[in-house]
Amino acid sequence: MDEEIKAYLFGAIHDGTFNQKHKTFRFTQANVDWLRFIKKCLAKLGFNSWIYKEGSDRGVYALETTASILKSKFNPIESSEKAKISYVRGYFDAEGGIPRNPDQWFYIQISQKNKKELQVIKKILEEKGIKCGKIHIPSVKVDPNYFRFFVSRQSHREFAKIVGSWHPRKRKIFKLRMKI
């Protein structure tokens with residue numbers, strides 16, 4: 001299980017930043033429950049972290065950690081099958097999207113400025129038989145360096161079963177929408 005947690009954190013850190021001055025990794029989210037989950041993952045591996053609210057009038061929380069493991073190199077392509085899936089799960093929880101509104105058409109998307117990272121995620125998913133659309137730029141006018149791809153509608157259920165989510169909100173939506 002430690003291997004899966006490490007891989008998950010390596011995927012999730014794509015939503016994080018590194019503070020050179022303080023030598024800390026930092027995740028920010030409106031959903032404090034996901035940060036609490038990340039904190040538990042880090043604690044299971046023996047690392048401390050702390051959560052705080054950013055400003056008094058913002059609904060944003062931050063988790064910071066000095067966890068040395070996050071400084072390590074991780075190549076998901078050369079990892080075990082469980083680690084690959086866990087990495088994609090962490091990446092999806094950090095950079096993926098599904099609709100919050102139950103009346104909205106359901107989709108699964110993953111977006112990021114780093115196209116090469118998205119190519120790795122897409123490759124791992126397709127190796128598992130999960131069909132994906134093309135990596136594309138949603139709006140050249142808004143940001144010509146921002147990329148995304150969708151998981152094909154016919155592969156939503158496989159994505160939910162194979163990859164799923166450890167993010168509290170996304171996990172709940174999958175259970176409701178995918179009936180898993």
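Which residue in β7 is the bridge partner of Q109?

**Whole chain**

Start with everything shown as cartoon. This is a predicted model. Its secondary structure comes to 6 helices and 7 strands. Follow the chain along the sequence and the pattern reads α-β-β-α-β-β-α-β-β-α-β-α-α. The radius of gyration is 16 Å, close to the 16 Å from the globule rule for 180 residues, so the protein is as compact as a globular protein of that length. Along the principal axes, the C-alpha trace spans about 45 × 40 × 35 Å.

Switch to a surface. The protein exposes about 9900 Å², and carbon and sulfur atoms supply 50% of that area. Of the 180 residues, 46% are buried. Now think about contacts between residues at least 6 apart in sequence: 61% of them join residues at least 24 apart.

**First sheet**

Go back to cartoon. Select β1, β2, β3 and β4. These 4 strands form an open sheet, ordered β1-β2-β4-β3, with antiparallel pairing. Find the edges: β1 (16–19) and β3 (49–53) each have a single partner strand, so one side of each is left without a neighbour in the sheet. Neighbouring strands here are turned by 25 degrees against each other on average, direction ignored.

Zoom in on β3 and β4, residues 61–65 for the latter. The two strands run antiparallel and are joined by 5 bridges. Pick W50, then E64 in β4: they are bridge partners.

Hide the first group. Select β5, β6 and β7. Here 3 strands form an open sheet in the order β5-β6-β7, again with antiparallel pairing. At the edges stand β5 (96–97) and β7 (147–150), each pairing on one side only.

Focus on β6, residues 109–112. Strand β6 runs antiparallel to β7, and 4 bridges join the two. Now settle the opening question. Pick Q109 and look across to β7: the bridge partner is F150.

Finish with helix α3, residues 81–95. It packs on this sheet, touching β5 and β6. Its direction makes about 75 degrees with that of β6.

**Last view**

Technical notes. Residues numbered from 1 in each chain as written. Predicted model: local features only at pLDDT ≥ 70, side-chain atom pairs only at ≥ 80, totals over all residues. Heavy atoms only, no water. Pairing = 2+ DSSP bridges. Axes fitted to C-alpha atoms, helices over the stretch in contact; angles between N-to-C directions. Contact = heavy atoms within 4.5 Å. Rg over C-alpha atoms; globule rule 2.2 N^0.38 Å. Buried < 20%, exposed > 50% of the residue type's maximum accessible area, 1.4 Å probe, protein only. Areas by Shrake-Rupley, 256 points an atom, 1.4 Å probe, with all protein chains shown as cover.
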